[in-house]
Amino acid sequence: MRPHPHSTLGHGDTLRVATYNIHKGVRGVGPRKRLEIHNLGLGIEALDADLVFLQEVRSFHHREARHFERTWFGWPREGQAEFLAPEGYEVAYRTNAVTKHGEHGNALLSRWPIGDIGHHDVSDHRFEQRGLLHVPVSWNGQRVHAVVAHLGLMHASRVRQVERLAAFITAHVPAGEMLAVAGDFNDWGEKLDAPMRECGLERAQAGARLNTFPSRVPVFSLDRIYTRGLRCVTSTVPRGTAWARMSDHLPLVAEFVAA
């Protein structure tokens, strides 16, 4: 891993992590459809996270690019992950799903140097394309494995995807190294904590459980961070009109120290 000029701008011995489903940077339908990617960029910068786990990110989408004129506040010329990355952050992105007009996937934005980017398909059936983005990160002279996840809409699919996650961890993440798995788990029934513990991962929360969906009146805790070798010291969900507008999810932010 190469030296990173902005690695000294972190939070000392605390690793600040955010996970956010950005809803492909677009909200609304028909004539009320609006582009939120520019506001999302400001929001992500304000989170001031060392690692930002993003889901529903687009590298390209031809129809949306035509719909939103390419002006200063139009569809970005680069992929959304690169567009959203604050200055000095490194970017990892891999496609999960290919659609008629484009694609979307998971991304990691890192204030710290990253290593080789990996991608693992965990699709459970042909109607939902899902994947895991694996990025090793060099943090304070230690290695943290970041895995960005976006699980399926059906409980049985999610259980099988957690099993594939466990196999992936066994094969690709050394037992003694720190690990953070974060993203949109779509776990409406709060049933995945036990199988995630079987993977050696504990859900990060400091205090009461934090709801992130839907963004205007959040009642479900779909967005989560699970870790190994890291201890959660704070967790929060930004609230307010601006955050409710930008996506149907709210971001989840947590701070960790090495366990």
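Okay, one definition before we start: a patch here is made of residues with over 30% relative accessible area and no salt bridge, and nonpolar side chains join up when they're within 5 Å. Keep that in mind while we look at this predicted model.

So, which residues form the nonpolar patch on the surface? They're W188, V217, V219 and F220, and together they have about 360 Å² of accessible area. Take W188: it sits in the loop between strand 10, residues 178–184, and helix 5, residues 193–198. Its relative accessibility is 37%, so we call W188 partly exposed.

That loop between strand 10 and helix 5 also holds E190. E190 has a phi near 55°, which is positive, and it's not a glycine. With 30% relative accessible area, E190 is partly exposed too.

Now hop over to E56, in strand 4, residues 51–57. Phi of E56 is also near 55°. Is E56 buried or exposed? It's buried, because its relative accessible area is 14% and the cut-off for buried is under 20%.

You'll find P214 in the loop between strand 11 and strand 12.

Okay, zooming out. The protein has 6 helices and 14 strands. Of its 259 residues, 56% are buried.

Notes. Residues are numbered from 1 along each chain as its sequence is written. This is a predicted model: local features need pLDDT of at least 70, side-chain atom pairs count only at pLDDT 80 or more; totals for chains, interfaces and linings use all residues. Side-chain values use heavy atoms; hydrogens and water are left out. Patches are made of residues with over 30% relative accessible area and no salt bridge: like charges are joined within 9 Å, nonpolar side chains (Val, Leu, Ile, Met, Phe, Trp, Tyr) within 5 Å. Accessible areas come from the Shrake-Rupley method with a 1.4 Å probe; for residues, only the protein chains shown count as cover. A salt bridge is a side-chain nitrogen of Lys or Arg within 4 Å of a carboxyl oxygen of Asp or Glu. Helices (H or I, at least four residues) and strands (E, at least two) are DSSP runs, numbered from the N terminus. Buried means under 20% relative accessible area, exposed over 50%, partly exposed in between (1.4 Å probe, protein chains only).
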